[in-house]
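Please view the sequence and the structure first.

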Amino acid sequence: MIATRIQLGVNIDHVATLRQARGTRYPDPVQAALLAEEAGADGITLHLREDRRHIQERDVELIAAVLNTRMNLEMAVTEEMVALAERLKPADVCLVPEKREELTTEGGLDVTASRDVIADACARLKAAGCRVSLFIDPEPAQIQAAFEAGAPVVELHTGAYAETTGESRRLEYERLAAAAEFADELGLVVNAGHGLNYHNVEAVAAIPGIHELNIGHAVIARALFVGLKEAVAEMKRLMVAGQESGLVAQIESFEHEHEHEHEHDHHHDRDAG
């Protein structure tokens, strides 16, 4: 597959978290969405949780009305949320697991255990004109189940990679790379996200087949010190640099393999002569 420029989806949930801490009208997630777009974000991600702890329905409606790029609405697989997405018709919907007691989304959606329910949600959202993504752990069984459920996109959960170090991180990275390759072979669009920051994003961006990264907490935290536009632009620069280094590595690997093939052919011709 020909690589396209990697895309950045900026998650603005934490702008709303700060607003909700005091119950004020500021900081405004709508303003954050527009600033992120101006700085180079390719889309805006927001999670309307069932407990409404940060993003509110009004935020979703206002942002849907003013975005110049596209909205990626993260939500649980519930009747309330599917019906809301059918009404608002965001460009992208990412189905995620959700528990009230968690600080942030923990682990991927278990598609193998709920394939029929998820397949029904995928069909309804597709009929509403939404492109559906499933947020899953980088496991072959989950990728296969996502494909069978009719989702055109998967978002690989990068939390395990982001939270480990040393040999464990290397193994998690290999798992991500293998998952991306398998999903790509099935014809799925491959996104990734969770726990990515300015120190670990380049390596993930270098994985062949990764189309988009969704990043929120690190960008909003960085914005406290450099401003949101610079924080977004800086993240985008790192992602593009990572993708380019990955492409160079692929080309060098391809050329190296072909050099060995030519050497083998040369020896074979000499032996035959």
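Which side chain meets that of Arg170 in a salt bridge? The partner of Arg170 is Glu167, at 2.4 Å from N to O. A salt bridge here is a side-chain nitrogen of Lys or Arg within 4 Å of a carboxyl oxygen of Asp or Glu.

This is a predicted model, in which local features need pLDDT of at least 70, side-chain atom pairs count only at pLDDT 80 or more, and totals for chains, interfaces and linings use all residues. Residues are numbered from 1 along each chain as its sequence is written, and side-chain values use heavy atoms, with hydrogens and water left out.

- Helix H8 (residues 166–185) holds both Arg170 and Glu167, 3 residues apart, about one turn of the helix; helices are DSSP runs (H or I) of at least four residues, numbered from the N terminus.
- Arg170 is partly exposed at 40% relative accessibility, a class that lies between buried (under 20% relative accessible area) and exposed (over 50%), using a 1.4 Å probe and protein chains only.
- Glu167 is also partly exposed, at 46%.

- Arg124 and Glu79 form a salt bridge of 2.8 Å, N to O.
- Because Arg124 lies in helix H5 (residues 115–127) and Glu79 in helix H4 (residues 79–88), this pair ties together parts that are 45 residues apart in sequence.
- Glu148 and Arg115 form another salt bridge, at 2.3 Å from N to O.
- Glu148 belongs to helix H6 (residues 140–148) and Arg115 to helix H5, so the pair ties together parts 33 residues apart in sequence.

**Whole structure**
- The search of the whole structure finds 21 salt bridges.

How values were computed. Helices (H or I, at least four residues) and strands (E, at least two) are DSSP runs, numbered from the N terminus.
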